[in-house]
Amino acid sequence: MYDMIILGGGPAGLTAALYGGRAAYKVLLLEPGAFGGKIASAAWVDNYPGFHKGIEGAELGQLLAQHAERFGVEAKKLKVEKIDLAGSVKKVIASGKEYLAKTVIIATGTPGTLPRALGAEGEEEFMGRGVSYCATCDAPFFKNKDVVVIGGGDEAMREALHLSRFARKVTIVHRQKQFQAAPKLLQKAEAEPKIEFMLETAVKKFEGQQLLEKVMIEDLKTKRQQELEAQGAFISVGRLPDTEFLEGLEKDEKGYIITNENMETSIPGVFAAGDVRRKSLRQVVTAAADGAIAATMAIKYLEKL
Amino acid sequence: MEGKPLEIGDADFNREVLEAEGPVLVDFWAPWCGPCKMVAPVVEELAKEFAGKVKVVKVNVDENTDSPSRYSVMSIPTLILFKDGQALETMVGFKPKDELADKIKAHL
Ligand SMILES: Cc1cc2nc3c(=O)[nH]c(=O)nc-3n(C[C@H](O)[C@H](O)[C@H](O)COP(=O)(O)OP(=O)(O)OC[C@H]3O[C@@H](n4cnc5c(N)ncnc54)[C@H](O)[C@@H]3O)c2cc1C
């Protein structure tokens, strides 16, 4: 049994770990990726106090990790899939294994970074073989090919515009009667001769031999189905709040966890810190501050047990 | 095999991957791809963890188009594990390090 399990090894989680470890509590930090979180992908950080000459994001991330390590924090490279916070002993499930703790600090970063799946037949099968969730990443693989973009928001328009620089033809397929994208973006897409539009149309199935060849679509008014030739399908139907797995906690409509100024969530013994919580400034310095407060309040909670 | 990913191109692909001895993990990436940046440090850690057992190489798909198209890479990041010239496992998108490590261990 751990005193404290921390979800996420970004600036908030690492600072919480440093405070917990330094106070000699038994701390477990769970992080599936590299330590440092999002700041590791920032080229240069110019506004973290003390580093008056600025510092590379990757280096700051490593220094934060080394700082927590110095105080004996145990870390595992695992992604938390589920938590059960109901009882006084909290259960954290990562890679199918259960870890028990008296307190939990959630520091998993901004929700809404994972693309939402469409849920159509063949979607998973053709992922990486034509089905993609990132036009910026994959557009160059579709030079002179026919592609579809599924969705009707700002991101779908941006993806379609980006793809139109590579693909032969881009068809935007959307379920609704009209697009939700901002008028300016929509106008830009409409002015692009390579882009075509299909409204009130749903994607039913992705088909092909090895690679994607066709997309089965259905006209939602007439219920008529039709095959659309496409070597690429870019799904842009919103982003998943990655906090969906954090059941039972009070969140706002975007999936941010609601805390008070002591980083306490709606469940006793469970704290949230950093970008994952509802707040007005998302930076390293505020993430670190949240982590320090969360760990300190968790220690207060432990002392009362 | 010194525990660090080796940057290679199409011209070295045969020698460094297909004709190499033992398993080779290839990371297909590009500078303009956000999720690739998330995978890069994980790939570096895998190179360290499997130093001497698995060779880890990186192919920039922006500069090299032959090898990605030969293996039908249409989405990046894609990691492919090769052994004796055969592609054994293809992993598309960001995956936690332990999941990748398990896949590699299965072929050691
Ligand atoms: C390109 C870029 C540049 C930036 N530049 C600056 C800057 O110059 N100055 C500045 O102050 N801020 C900057 N920021 C913002 C700063 O990076 C964030 O505010 C800060 O990293 C937030 O820290 P965090 O610990 O709350 O979350 P994150 O850094 O997002 O870390 C969250 C961690 O949780 C992990 N995680 C997610 N889900 C799970 C799960 N289920 N189980 C376990 N772990 C999980 C993630 O892998 C991640 O490592 C920048 C951000 C970006 C993207």
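Where in chain B does B:P77 lie? B:P77 is found in the loop between α3 (66-70) and β4 of chain B. The model described here is predicted.

## The two chains

Chain A has 305 residues, and 51% of them count as buried. The secondary structure of chain A consists of 6 helices and 19 strands. Among contacts in chain A with a separation of 6 or more, 58% are between residues 24 or more positions apart.

Chain B has 108 residues, of which 50% are buried. Chain B contains 4 helices and 5 strands. Read from the N terminus, these elements follow the order β-α-β-α-β-α-β-β-α. For contacts in chain B between residues at least 6 apart in sequence, 74% link residues at least 24 apart.

The peptide bond between B:I76 and B:P77 is cis, with omega at about 0 degrees. B:S72 also belongs to the loop between α3 and β4 of chain B. B:S72 is not a glycine, yet its phi is positive, at about 50 degrees. With a relative accessible area of 33%, B:S72 is partly exposed, because that class covers values between the buried limit of 20% and the exposed limit of 50%.

B:T78 is placed in strand β4, which spans residues 78-83 of chain B. Is B:T78 buried or exposed? B:T78 is buried, because its relative accessibility is 2% and buried means under 20%. The side chain of B:T78 reaches back to the backbone oxygen of B:S75, at 2.5 Å. Apart from residues up to four places away in sequence, B:T78 touches B:V26, B:D27, B:F28, B:V73, B:T90, B:M91 and B:V92. B:V26 is 52 residues from B:T78 along the chain, and the C-alpha atoms of the two are separated by 8.2 Å.

## Nonpolar cores

Which residues touch the most other members of the largest nonpolar core? They are B:F13, B:V17, B:V26, B:F28 and B:I76, in a core of 44 residues. Helix α4 of chain A, residues 154-163, supplies the largest share of this core, with 5 residues. There is also a second, separate core of 32 residues, and among its members are A:A16, A:A68, A:A298 and A:L302.

Leaving aside neighbours within four places in sequence, B:F28 is in contact with B:F13, B:V59, B:V61, B:S67, B:P68, B:V73, B:I76, B:P77, B:T78 and B:I80. This list includes B:I76 and B:P77, the two residues joined by the cis peptide bond.

A:S236 sits in the loop between β17 (232-235) and β18 (239-240) of chain A. A:S236 has a relative accessible area of 8%, so it is buried. Its side chain reaches the backbone nitrogen of A:A156 at 3.3 Å. Beyond its neighbours within four places in sequence, A:S236 contacts A:I150, A:G151, A:E155, A:A156 and A:E159.

A:F166 lies in the loop between α4 and β12 (169-173) of chain A. A:F166 is buried as well, because its relative accessible area is 18% and the limit for buried is 20%. Apart from neighbours within four places in sequence, A:F166 is in contact with A:A139, A:P140, A:F142, A:K143 and A:N144. A:P140 is 26 residues away from A:F166 along the chain, with 6.2 Å between their C-alpha atoms.

A:K223 belongs to the loop between β15 (214-219) and β16 (225-229) of chain A. Its relative accessible area is 52%, so A:K223 is exposed. The phi angle of A:K223 is near 65 degrees, a positive value in a residue other than glycine.

## The second largest pocket

How many residues line the second largest pocket? The lining has 17 residues, and those nearest the centre of the pocket are A:P140, A:F141, B:T65, B:S69 and B:V73. The volume of this pocket is about 310 Å³. By residue type, the lining divides into 10 nonpolar, 3 polar and 4 charged residues.

A:P140 is among the contacts of A:F166, and B:V73 is among the contacts of both B:F28 and B:T78.

Methods: Residues are numbered from 1 along each chain as its sequence is written. Chains are lettered from A and ligands numbered from 1 in the order in which they are written. This is a predicted model: local features need pLDDT of at least 70, side-chain atom pairs count only at pLDDT 80 or more; totals for chains, interfaces and linings use all residues. Side-chain values use heavy atoms; hydrogens and water are left out. On a 1 Å grid over the protein atoms alone, a cavity is a set of points where a 1.4 Å probe fits but cannot get out, and a pocket is an open set with protein on both sides within 12 Å along at least five of seven lines; lining residues have an atom within 4 Å of a point. Grid points are joined across faces, edges and corners, and a volume is the space filled by probe spheres set on the points. Ala, Val, Leu, Ile, Met, Phe, Trp, Tyr, Cys and Pro count as nonpolar, Asp, Glu, Lys and Arg as charged, and the others, Gly among them, as polar. Helices (H or I, at least four residues) and strands (E, at least two) are DSSP runs, numbered from the N terminus. Buried means under 20% relative accessible area, exposed over 50%, partly exposed in between (1.4 Å probe, protein chains only). A polar contact is a pair of N or O atoms within 3.5 Å; within protein, one must be able to donate a hydrogen and the other to accept it, and residues adjacent in sequence count only if both atoms are side-chain atoms. Contact means heavy atoms within 4.5 Å. A nonpolar core is a set of buried Ala, Val, Leu, Ile, Met, Phe, Trp, Tyr and Cys residues joined through side-chain atoms within 4.5 Å.
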